[in-house]
Amino acid sequence: MSLIKVGVIGIGNMGRSHARQLAEGKVLGATLWAVCDSFQEQLDLVKNYSNSDVQTFLDEDEFLETSGVDAVLISTPHYDHPKIAMKAFAKGLHVLVEKPAGVFTKDVAEMNRVAKESGNVFSIMYNQRTNPIYQKLRDLIQSGELGEIKRTNWIITDWYRSQSYYDSSEWRATWEGEGGGVLLNQAPHQVDLWQWTTGLMPKKVHAFCHNGKYHDIEVEDDLTAYVEYENGATGVFITSTGESPGTNRFEIVGDRGKMVVENHKLTFYRLTQSEREFNATYQGGFGQPECWPIEIPIKGVRTDHVGIMQNWIDAITKGTPLLAPGEDGIKGLEISNAIYLSAWLNEPVTLPLDADLYYEKLQEKINQSTYKKSNISNKTLDVSGTH
Ligand SMILES: NC(=O)c1ccc[n+]([C@@H]2O[C@H](COP(=O)([O-])OP(=O)(O)OC[C@H]3O[C@@H](n4cnc5c(N)ncnc54)[C@H](O)[C@@H]3O)[C@@H](O)[C@H]2O)c1
């Protein structure tokens, strides 16, 4: 079977790594066919590890028009993801988009509509979904082992970044260039897993964002969000790039106990009976349901970015179900848009989100920005390290 010709657009820190994995044959059934970046020096770097046949383009339209690729991996800054994806779908190409799906749900909804109409394979780089711990957690929750969820709680503060990271690209950490801070750049993985593993979308969000608390940036580097779900459960999501050492602890409490993911372990504190049932029947005053802590054995390995690329190629060539369908990107983005909107309005907001209001408020942020760079170049320095 012929190889799927993949083009990578956006050859910065992440795109360079994707292009390299493809060039080195790490993704079976695919070949790196073309790369595109607005800067020649970024394109030149690809020559270090690919053969000379790989075409290079400075212009996205020429790349999509003439390169002859079958599939495109989009690794540009966030705002452009939907626009480039829609152009690629219009050319009949398959698309794998980096996270987040975009900056606001209005154009991500449009991207999803165009993707569906095209019938092409659309995936999103939620590489942390390849982590067997979260897959197991999801299986356990969705099979009912934990019972009805009462509370979710994720403290994800181990996204430490120094000022030099923020200074490395002009688009970073600005409302105009990036559209948000830690929530939109680093934590989309956890926002996605929070939703994907539990299967729950919040109904109400009340959030508090601190902009530039630890860095000279205009967007948030510290936030706390409180959410409420349809079934009455509540949740808290805390993230920051300014704490060291940070914490990564995801805890979900249900009627049958508690699941904790921390330090690469999944622990199930399993009750021998339902807490609601115990509460209704127990007559001893003080006392609690019997609980067995179980360290859940985790099989398999985390395949990360290569795993998502492989799954996308397998979906194209063999019809394999997608681990991270592109359309899922809007779920996490809607939660993060709601978190920002609540913080900006200083009041709770309900979901489904008022996407027009969010868009309007985001434009206000951009227009009022003192960091506004009217000609954001997207030029980057090398700050290696991916998530
Ligand atoms: N999944 C992960 O683990 C992970 C990790 C890091 C970054 N990311 C995501 O990858 C994306 C890129 O991040 P990065 O850190 O590589 O950024 P970066 O600034 O290092 O690179 C972006 C590149 O895109 C190029 N570019 C911008 N607009 C373009 C256009 N229209 N056409 C062609 N090239 C264009 C820039 O010149 C730059 O080289 C973001 O969405 C980011 O959130 C994902």
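## Burial and a stacked pair of rings

A residue is called buried when its relative accessible area is under 20%. The model described here is predicted. In this model W154 has 0% relative accessibility and therefore counts as buried. The value for F250 is 0% as well, so F250 is also classed as buried.

A pair of aromatic rings is described by the distance of the centres and the angle of the planes. For W154 and F250 the centres are 4.0 Å apart and the planes meet at 10°; the pair is therefore stacked, since planes under 30 degrees apart count as stacked. The pair joins distant parts of the chain, as W154 belongs to strand β7 (residues 149–156) and F250 to strand β11 (residues 248–254), 96 residues apart.

## Other aromatic groups

Ring pairs also connect W175, Y340, W344 and Y358 in a cluster. Two lysines are placed over aromatic rings. The charged end of K5 sits over the ring of W33, at 4.6 Å from its centre, and K106 lies over the face of Y359, 5.8 Å from the ring centre.

## The sheet of nine strands

Strands β7 and β11 both belong to an open sheet of nine strands, whose order is β14-β13-β12-β11-β7-β10-β9-β8-β15 and whose pairing is mixed. At its edges are β14 (291–295) and β15 (349–350), each of which pairs on one side only.

Within this sheet, strands β8 (residues 202–211) and β9 (residues 220–229) are antiparallel and share nine bridges. Across this pairing, H210 stands opposite D222 in β9. Helix α12 (residues 329–345) lies across β8, β9 and β15, and runs at about 60° to β8.

Six bridges join β1 to the parallel strand β2 (residues 30–36), and V8 stands opposite V35 in β2. Strand β5 (residues 94–97) pairs with β6 in the parallel sense over three bridges, with V95 opposite F122 in β6.

## The nonpolar core and a covered helix

In soluble globular proteins, nonpolar side chains tend to be buried together. The largest nonpolar core of this model has 105 residues, of which V35, V72, L137 and F237 touch the most other members. Helix α11 (residues 304–318) gives the most to this core, with seven residues. When residues up to four places away in sequence are not counted, L137 touches T197, F250, I252, M259, V261 and L266.

One of these contacts, T197, is a buried residue of helix α9. This helix (residues 188–198) is mostly covered, with 11 of its 11 residues buried. Among them are the tryptophans W194 and W196, as well as H189, Q190 and D192. After α9 comes G199, which has a positive phi near 75°.

How values were computed
Residues numbered from 1 in each chain as written. Predicted model: local features only at pLDDT ≥ 70, side-chain atom pairs only at ≥ 80, totals over all residues. Heavy atoms only, no water. Phe/Tyr/Trp six-rings, centres within 6.5 Å; stacked < 30°, edge-to-face > 60°. Helix = DSSP H or I, 4+ residues; strand = E, 2+ residues; numbered from the N terminus. Buried < 20%, exposed > 50% of the residue type's maximum accessible area, 1.4 Å probe, protein only. Lys NZ or Arg CZ within 6 Å of the ring centre and 35° of its normal. Pairing = 2+ DSSP bridges. Contact = heavy atoms within 4.5 Å. Axes fitted to C-alpha atoms, helices over the stretch in contact; angles between N-to-C directions. Core = buried A, V, L, I, M, F, W, Y, C linked by side-chain atoms within 4.5 Å.
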